[in-house]
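Subject: Structure handover

Hello,

Here is the structure for you to look through. Please open it first, then read my notes below.

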Amino acid sequence: MIDEVQKKILAEVAELHSVPEGAYNIRANGKSAERNTTANIDIITKSDNSGIDIRIKPNTVKESVHIPVVISESGLSEVVYNDFYIGENSDVVIVAGCGIHNCGNQDSQHDGVHRFFVGKNSKVRYVEKHYGGGDGIGKRILNPVTEVYMEENSFMEMEMVQIEGVDSTKRSSLAKLKSGAKLVVHERLMTHGKQFAESSYDVELNGENSSADIVSRSVAKNTSEQIFYSKLIGNAKCSGHTECDAIIMDSAKIKAIPALEANNIDAALIHEAAIGKIAGEQLIKLMTLGLTESEAESRIVNGFLK
């Protein structure tokens, strides 16, 4: 059963206010709490590791899978392995994410390893949100690992969001694309207090006319720290773009480390990185409309992270 605290977390990480339509697996405090499958989407508990296999039949269109994780026990630490097998010619939405509500003095940690095998001509939209809450002194730690293997002419859009309450996170992502495959990643991140966040993306463009667009937008406040790594490897005729755009505030620290590797004469790769503070004229303009400086900063940050 899902309690009220866990319901609040589900609303934050998966926008679930009631039982979702379609297939779902809700994990709460280390156990599967609720599950539903459909004629086209099966969810199977792994026999060798903690986690599940999600198998989506070929030609599955306009269906969704929700697999959120909620932790409300202080001191709980787990590693979960989830594999997604998306059949050819499918068009699906996958919503994941993890929320930790820690009211104790022990650290709570969830490390999720997600592997996606995207079939030919398939389209996947993947949403992963992370959230931390609770008034305990124990840390809220999330270390997601994502691997994406894309077949010919497949498409995957990934929305990676973390904007509140996570004390420490290390996100590691790997993608390998075959001919005609396209990957789009939008990362949104905010840290405050003494929080630490590290994101790394390694993308191999192995097939002709494959492409990738990796964009990160982040805000670092107080004394928090962020590190962003992004590497595009062009092994064929391909196109790739990676961008980090960050706002730094107070005494925070940000590192942006983009890298490009071209192993083919027709690999077209671009990287961009920008780190700066909020422009003074932006604050002044909003303050002349009646906002306080704090309200003006909040308005700018919220707009930047949309």
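Start with the rings: Phe84, Phe116 and Tyr126 are linked into a cluster by ring pairs. Rings of Phe, Tyr and Trp (its six-membered ring) pair if their centres lie within 6.5 Å; planes under 30 degrees apart count as stacked, over 60 as edge-to-face and the rest as tilted.

Two notes on the source. This is a predicted model: local features need pLDDT of at least 70, side-chain atom pairs count only at pLDDT 80 or more, and totals for chains, interfaces and linings use all residues. Residues are numbered from 1 along each chain as its sequence is written, and side-chain values use heavy atoms, with hydrogens and water left out.

Aromatic pairs

The structure holds five aromatic pairs. One of them joins Tyr85 and Phe117, which are stacked, with 5.1 Å centre to centre and 5 degrees between the planes. Tyr85 lies in strand E7 (residues 77-86) and Phe117 in strand E10 (residues 108-118), so this pair ties together parts 32 residues apart in sequence. Strands (E, at least two residues) are DSSP runs, numbered from the N terminus. Tyr85 is partly exposed at 25% relative accessibility, and Phe117 is partly exposed at 26%. Buried means under 20% relative accessible area, exposed over 50%, partly exposed in between (1.4 Å probe, protein chains only).

Phe116 and Tyr126 also pair, edge-to-face, at 4.7 Å centre to centre and 65 degrees between the planes. Phe116 is buried at 0%. Tyr126 is buried at 0% too.

Strand E1

Is strand E1 buried or exposed? Six of the six residues of E1 (residues 23-28) are buried, so the strand is largely enclosed by the rest of the structure. On one side sit Ala23, Asn25 and Arg27; on the other, Tyr24, Ile26 and Ala28.

Now its partners. Two strands pair if DSSP finds at least two bridges between them.

- E1 pairs with strand E2 (residues 31-36) in the antiparallel sense, over five bridges. Arg27 has Ser32 as its bridge partner there.
- E1 runs parallel to strand E5 (residues 61-66), joined by two bridges. Ala23 has Val65 as its bridge partner.
- E1 pairs with strand E6 (residues 69-71) in the parallel sense, over two bridges. Ala28 has Val70 as its bridge partner.

Positive phi

Most residues other than glycine have a negative phi. Asn209 has a positive phi of about 65 degrees. Asn222 has a positive phi of about 55 degrees.

Best wishes

Technical notes:
Helices (H or I, at least four residues) and strands (E, at least two) are DSSP runs, numbered from the N terminus.
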